Amino acid sequence: MQVNFQNKNPALWQTLQLISQPTKFLENCIERYGDPFTVRVLGLNSPPVVFFSDPQAIKEIFTLPGEKFDFKKATHVFKPLMGDKSIILQEGRSHQRQKQLMMPAFHGDRMKTYGEIICQITTEVIQNWTPGKVISLQQEMSNITLQIILQVVFGISPGSRYNKIKELLSSLLDDVTKPWYSSLFFFPPLQKDLGAWSPWGQFLRRRQEIDELIYSEIYQRRQEQFRTDILSLLMSAQDEDGQQMTDVELRDQLVSLLLLGYETTAAALSWALYLTHSAPQVLANLSSELAQTSLENPEKITALPYLTAVCQETLRIYPIGLICTPRMVKETVQINGESFGIGTIIVPCIYLAHRRRETYSQPDKFLPERFLNHRFSPYEYLPFGGGIRGCIGVAFSMYEMKLVLATILSNFELTLADSRLAHPVRRGITIVPSASGMKMIVTAQRQFAKVPVL
Ligand code: HEM
C-alpha cells in the first residue's frame, strides 16, 4: 500500500504539536483521519509514522517477528543517558539475552521480598504530613518512588552514597524533563562540551559523578554475598551460555531501570490520587475496602479487588507512556490486510486503544468498576505495552502502586487544593496531571490505619 500523509501540515509543525500537546494531537488525528492514521512527527525530514489503535492490528504488530523491524530509530535519543548497552538500545539476540537476564528479578514471586521496603519508605515519607499541610504530588510521589528504586533495584541503604546518588539523580532527572534541556538529546549537533558551564558540559560532568558512584557500588557489591536486591540478582544472573553482565552492562541497565521505573510510577501515583479524589464515590468505595482489611500483610493489600481496579483504570484513562516503542519497517509487513513498506514507522498507540468506544463504554469516565467483572485482552488494555518490547516492570509497578496508595489512604484523608479540572501534560517521557491536579491538602489523620508495623 502507498502510505498517504493524511495530515498535510509541515512535518516540523506536526512534531511540535505532538511534543507540546500529545493527547490533544492524538485525539484530533483519530477524529479527523480514523484508525490507522499517518503523520510525520519525527522532525523536519520525518518518515511516515502510522499510529494504530485497533486491537487486531496491535495483536498482529506484537506477533510479527522482531527481525522485520528496527527498534532503535526512536530510542537512540536515550543513548547519552542510558548508555549503548541499555536494554532499550538492544535488538535481536542481544535484546533477548538482556531481557532473559533481567526478567527473573522482576518476576511476581520476588515481589514479596520488596513489599515491606515499599511500605516502610512510604510511611517514612508521609510521616511529616499533618492536617492542614499542602502537599505537591509531584514532589512527594517522586521522593517515594526514587527511594524505592534506589533501595529495591540498586540495593543501596540510606547513608552518604545513597544521599549523594539521590541528590544527583533527582536534579539530573528534573533537568532532562525541561524542554530546552531535553532538546539537547534530540539534536546531536548541540551535544558539545564547551566547559563546565555549557549545558552539555554540565550534563557530562554530572553523569560522570553518578557513574563513579554507581561503579563503586558495583565494586563493593562484588565483594558481598547473599543480597536480594535487583542489582545483586543481575550480577549473579547468567545467560544460556553461562555469561554474566559486565560492569558497563550493569551500569547501563541500572540507569535505564531507574529512568524508566521511577518517573513512570510517580506519575501513575499522582494520577491515581488526583482521579480518586475527583470521584467521591470511587474514593468512598476504596476507603471502605481499605478500612475492612487488615493491612499487616502486603500480599493481602495487593490482592484487594477494588484497589486493583482503581490502579488498572488509572492506567487505562491516563497510560503514562502514550505509545509502545516505535518500530521502523525493515522488510515490508502486512498489518490488518494492508502492506507497509520499508522505512515506515509503526506505532501501537496505547492512549487511543484505551479510549476506543468499541472496547470501553464512556471511555472518558474514570470507572474502576469496568475492571471488576471483565477481563480485557492484552491488545485492548496495554498500559505496559506488549510483545517482545513489553515493559519488564509490570508486576513491580502494579505492586508498588497498590502498596503506596493503600499506605497513604489508610493514614490520611486528603482533598484537592484546586477544584479546576486537571489535564494531561508532558513531563519527560510521561504524562502527568497539569498544575491544578498536583496540589492536595491533608485534611485529617485516619483512625483506622493498620499499616504494617515494621
Ligand atoms: C506505572 C509504571 C510503568 C509504566 C506505565 C510503564 C510503561 C512502559 C511501556 C509502555 C513500555 C514500552 C513497551 C512496549 O514498547 O511495548 C515500557 C518499557 C520498559 N519499561 Fe516500563 N513502565 C512502568 C514502570 C517500569 C518499571 C518500574 C521498570 C523497572 C524498574 C520499567 C522498566 C522498563 C523497561 C526496561 C522497558 C524496556 C523493555 C524493552 O525494551 O524490552 N518500567 N514501560
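## A sheet, an iron site and some salt bridges

Five strands make up an open sheet with mixed pairing, in the order E1-E2-E8-E5-E3. Its edges are strand E1 (37-39) and strand E3 (69-70), each pairing on one side only. Strands here are DSSP runs (E) of at least two residues and helices are runs (H or I) of at least four, numbered from the N terminus; two strands pair if DSSP finds at least two bridges between them.

This is a predicted model, in which local features need pLDDT of at least 70 and side-chain atom pairs pLDDT 80 or more, while totals for chains, interfaces and linings use all residues. Residues are numbered from 1 along each chain as its sequence is written, and side-chain values use heavy atoms, leaving out hydrogens and water.

E3 runs antiparallel to strand E5 (residues 327-329), joined by two bridges, and Phe69 stands opposite Val329 in E5.

Now to the ligand: its iron atom has a single donor from the protein, Cys391 (SG), 2.3 Å away. Donors are N, O and S atoms within 2.8 Å of the metal (3.2 Å for Na, K and Ca); water is not among the atoms, so sites may look incomplete. Cys391 lies in the loop between helix H17 (350-353) and helix H18 (394-411).

There are 18 salt bridges, each a side-chain nitrogen of Lys or Arg within 4 Å of a carboxyl oxygen of Asp or Glu. Here are some of them:

| Pair | Closest N and O atoms |
|---|---|
| Asp241 and Arg93 | 3.0 Å |
| Glu263 and Arg427 | 3.0 Å |
| Arg420 and Asp418 | 2.6 Å |

Glu263 in helix H13 and Arg427 in strand E10 (residues 424-427) are 164 residues apart.
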